[in-house]
Amino acid sequence: MEKRTACVKNVEGASVAFSSILAIGDTEFSRPISRVIAVQKEGAVFTPKDDVPFTNYDLFTRPAKWLNKSSNVKQRIYHHEPSIHVQQAQFIGVDTSSIFQIGSIHKLSAEARIKHFRILREEDVSPAQST
Amino acid sequence: MNLEVHNWGLNVCNVEIDAITASSVFLIGDNDEMILSSFFDTPPEAFTVGAIVPLAP
């Protein structure tokens, strides 16, 4: 793949987290993987009892259904300008195996597995007890 | 199949994004191969009343 120069004037972002990438330029191969268990609890007091092991859920081990490689497209790309121009790009968050890139990525395969839990307080607790 | 692509220029003036999440990609540029996979699970069982996290799937 023929490369182009990335000319970037301004990029603004607040957060890049959890196996995510912000890149200006070229990448040969990228494979971000993330596994997440997110526990939200009413009252937000966490003890070791609230720990959730990954091994309990097959979501984290079951194989993903990747597409079969069967493309027989012969592609020729001609760049008539040697550079990519970006004036301004803004984002708030790039999260969980995601990529924000200005440039080229030859090959990329990203994987994210996220499981959520919500723990609510007992409903029959009187307001006096819950304080 | 034969495909011929002519890139006459790539100029971006302004892009504003809130979030790119769960194996997503925002790319200004070129790519040959991109495979993205994401499992996301927030079932009704994710809601538990009381301070007990379910231990079995």
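Tutor: Buried means under 20% relative accessible area, exposed means over 50%, and partly exposed lies in between (1.4 Å probe, protein chains only). This is a predicted model, in which local features need pLDDT of at least 70, side-chain atom pairs count only at pLDDT 80 or more, and totals for chains, interfaces and linings use all residues. Residues are numbered from 1 along each chain as its sequence is written, chains are lettered from A and ligands numbered from 1 in the order written, and side-chain values use heavy atoms, without hydrogens and water.

Student: Is Lys115(A) buried or exposed?

Tutor: Its relative accessible area is 7%. The limit for buried is under 20%. Therefore Lys115(A) is buried.

Student: Which side chain meets that of Lys115(A) in a salt bridge?

Tutor: A salt bridge needs a side-chain nitrogen of Lys or Arg within 4 Å of a carboxyl oxygen of Asp or Glu. Here the N to O distance is 2.5 Å, and the partner of Lys115(A) is Asp41(B).

Student: Why does the pair of Asp41(B) and Lys115(A) join two chains?

Tutor: Strands here are DSSP runs (E, at least two residues), numbered from the N terminus. Lys115(A) lies in strand S6 of chain A. Asp41(B) lies in strand S3 of chain B, so the pair joins chains A and B.

Student: How many salt bridges does the structure hold over all chains?

Tutor: One is formed by Lys41(A) and Asp50(A), with closest N and O atoms 3.0 Å apart. Both of these residues are buried. Over all chains, the number of salt bridges is 6.

Student: Which residues are linked with Arg31(A) in a network of salt bridges?

Tutor: Glu111(A) and Arg113(A) form a salt bridge, their closest N and O atoms 2.8 Å apart. Glu111(A) is buried at 11%, and Arg113(A) is buried at 5%. The network links Arg31(A) with Glu111(A) and Arg113(A).

Student: How far apart in space are Ile37(A) and Ile114(A)?

Tutor: Ile37(A) lies in strand S3 of chain A. Its contacts (heavy atoms within 4.5 Å) include Tyr57(A), Phe60(A) and Lys115(A), leaving out residues up to four places away in sequence. Ile37(A) and Ile114(A) are 77 residues apart in sequence, but their C-alpha to C-alpha distance is 5.9 Å.

Student: How many aromatic pairs are there over all chains?

Tutor: Rings of Phe, Tyr and Trp (its six-membered ring) pair if their centres lie within 6.5 Å; planes under 30 degrees apart are stacked, over 60 edge-to-face, the rest tilted. Over all chains, the number of aromatic pairs is 4.

Student: What kind of aromatic pair do Phe54(A) and Phe60(A) form?

Tutor: The centres are 4.9 Å apart, with 85 degrees between the planes. Phe54(A) is partly exposed at 31%, whereas Phe60(A) is buried at 7%. The pair is edge-to-face.

Student: What kind of pair do Phe100(A) and Phe26(B) form?

Tutor: Their ring centres lie 5.0 Å apart. Both residues are buried. The planes are at 35 degrees, so the pair is tilted.

Key: Helices (H or I, at least four residues) and strands (E, at least two) are DSSP runs, numbered from the N terminus.
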